[in-house]
Every structure is written in structure tokens, then in C-alpha cells.
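Here are my notes for a first look at this one. Have the sequence and the model open side by side as you read.

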Amino acid sequence: MFEPSSRPAPRNLAWAMAVWALAWTALLALDGWAELANLGLVLVLAAALSGLWLPASVSIAACTVAVLAFNWSFVPPRGTFSVDLRQHAWLLATLWVVGSLVAVLMARQRRLLAEARALAAQAERLRQFSDALRGTSIEAAFEALRAALQALGPVDDLSLVAPGAGSDATLRLGPPADGDESAHLDEALRSGRASEPAREDVHGRATLVLPARAATATPAALLLRFPPGAAPDAAMRATAPALCDQLGL
């Protein structure tokens with residue numbers, strides 16, 4: 001759910017490229033004024049800063065290219081990839097290891113921060129939805145759930161089935177479900193488990209069926225329909241079941 005994408009967003013990539021550009025500007029400006037080992041620290045700093053925006057895999061790749069370019073541009077004999085195994089090879093290896101390690105640690109911290117923010121947002125949504133359910137009718141609660149789900153992502157519409165004592169007492173809210181969707185709703189009511197129909201509906205929209213579970217039973221099931229080309233994302237899959245369970249309670 002929270003794993004950073006291997007393809008950075010264009011804005012993040014722009015920031016990281018700016019960091020590396022400044023780093024190389026500093027290296028060229030300090031060339032001849034600072035020792036080789038001190039120049040290498042600029043690469044480590046650039047790897048740490050770019051890790052604020054880049055996934056670990058991209059940061060490691062950037063660090064690898066930077067170390068190779070550093071070897072070519074600054075390590076004697078310049079203009080070659082030859083190195084003195086007694087001195088410069090250890091320097092280059094250390095730069096790559098430290099830079100890559102920093103990139104991995106920065107990516108891990110970003111992932112933990114994203115998880116913490118997602119959990120806080122989920123808790124706030126659940127609290128707001130719980131407040132909206134107090135002293136309200138099932139129809140009003142259904143509309144509150146629709147609003148909460150649409151705040152999570154592009155939900156086209158929502159249907160609810162809550163069986164009563166007989167077929168005539170079954171409560172149905174929202175657009176009617178077709179035969180395949182009704183079968184999934186019935187299965188969710190029986191098993192208390194979510195399901196995702198194997199096919200899209202007749203309009204080419206992805207659907208998701210969720211049970212609204214109470215303490216010892218599943219009094220209702222819900223069908224979420226998404227716009228054509230859209231599908232439930234990680235945030236929707238994590239939060240929607242909890243919202244539905246609150247409605248079940």
C-alpha cells in the first residue's frame with residue numbers, strides 16, 4: 001500500500017536533478033581547492049538530499065552513475081576509469097556504499113512517514129463517519145457512506161443490500177445490481193468477505209463488493225462501482241472496508 005513507486009513524480013525528479021546539478025557545480029568549483037576525499041563527501045550529501053524525493057532504486061542508480069562520473073572526472077588518471085587499488089578504489093567503493101545506504105534509509109523513512117500519514121487520515125475519516133452515523137436513518141447513513149467513499153477516490157455510485165425477514169423486506173439502496181453483482185452481494189452477506197467480480201460491468205467499470213459486518217453477523221453488503229478506466233487504489237482498499245463495517249455496526 002505504501003511502497004514508494006519506482007517511477008518518481010516529475011516534480012520530485014526535478015528537485016533531485018537540481019540537487020545533483022548543484023552538487024556537480026560545487027565539485028567543479030572546489031576542484032583543485034579541496035582534497036579528493038573531501039570532494040567525495042559532496043556526492044554523499046547529494047545522495048542524502050536526493051533521497052528526499054527519489055525511490056531507493058532510483059537513488060542507488062543515480063549514486064552509481066555519480067561515482068563513475070566522479071572517477072572519470074576527478075580521480076587520477078583523469079579521463080579514464082583506471083584507479084589506484086591501494087587508495088582510490090577504497091574511496092570510490094566507500095562513496096558508493098555510503099551513498100546507496102543513505103538512499104535506502106531515506107526511502108525507508110519516507111515510507112514510514114507515508115504510512116503514519118495514511119493511518120492518521122484513515123482514523124480521521126472513520127471518526128468523521130462515526131459522528132455522521134449517530135442518531136440517523138439508514139438512508140442518511142448510506143448517503144454519508146457514499147460521501148466518505150467518494151472523498152477517498154472516484155466512486156461512480158454505490159448500492160446497498162440489507163436482507164430482512166423475507167424477500168419483500170429486503171432493503172435496497174442505490175442503483176440495482178445485475179445478476180453477477182447480486183451473486184457477489186449474496187456471497188458477501190453469507191461469508192462476510194469482500195470480493196471483486198472477475199469482470200467489469202456492462203459499462204466497462206470496475207466494481208468492488210464489501211460486507212458491512214457487525215459483531216456477530218453481516219447485516220448488509222455494498223457494491224462500489226468505479227468510473228471507466230479507474231480501479232480501487234490502495235487507500236480505497238484499506239479504508240472502505242472499515243467504513244462499511246461501521247455502517248454494519
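1. One definition to begin with: buried means under 20% relative accessible area, exposed over 50%, and partly exposed in between (1.4 Å probe, protein chains only). Cysteine 244 is buried at 0%, and cysteine 63 is buried too, at 3%. With a disulfide taken as a pair of cysteine sulfur atoms within 2.5 Å, the count is 0 disulfides.

2. A word on where this comes from. The model is predicted, so local features need pLDDT of at least 70 and side-chain atom pairs count only at pLDDT 80 or more, while totals for chains, interfaces and linings use all residues. Residues are numbered from 1 along each chain as its sequence is written, and side-chain values use heavy atoms, with hydrogens and water left out.

3. Which strands does E1 pair with (pairing takes at least two bridges found by DSSP)? E1 runs antiparallel to E4, residues 220-228, over 5 bridges, with serine 159 partnered by leucine 223. E1 is also antiparallel to E2, residues 171-173, through 3 bridges; there alanine 162 has leucine 171 as its partner.

4. The structure has 6 salt bridges, each a side-chain nitrogen of Lys or Arg within 4 Å of a carboxyl oxygen of Asp or Glu. One of them joins aspartate 157 to arginine 225, with the closest N and O atoms 2.9 Å apart. Aspartate 157 sits in E1 and arginine 225 in E4, so this pair ties together parts 68 residues apart in sequence. Both are buried: aspartate 157 at 13% and arginine 225 at 4%. Asp157 and Arg225 also belong to a salt-bridge network with Glu181.

5. Compare that with glutamate 143 and arginine 146, whose closest N and O atoms are 3.2 Å apart. Both lie in helix H5, residues 138-152, 3 residues apart, or about one turn. Glutamate 143 is partly exposed at 41%, whereas arginine 146 is buried at 19%.

6. One more pair: arginine 213 and aspartate 245 form a salt bridge at 2.8 Å between the closest N and O atoms. Arginine 213 is in the loop between E3 (205-212) and E4, and aspartate 245 is in helix H7 (residues 234-248), 32 residues apart.

Terms used:
Pairing = 2+ DSSP bridges. Helix = DSSP H or I, 4+ residues; strand = E, 2+ residues; numbered from the N terminus.
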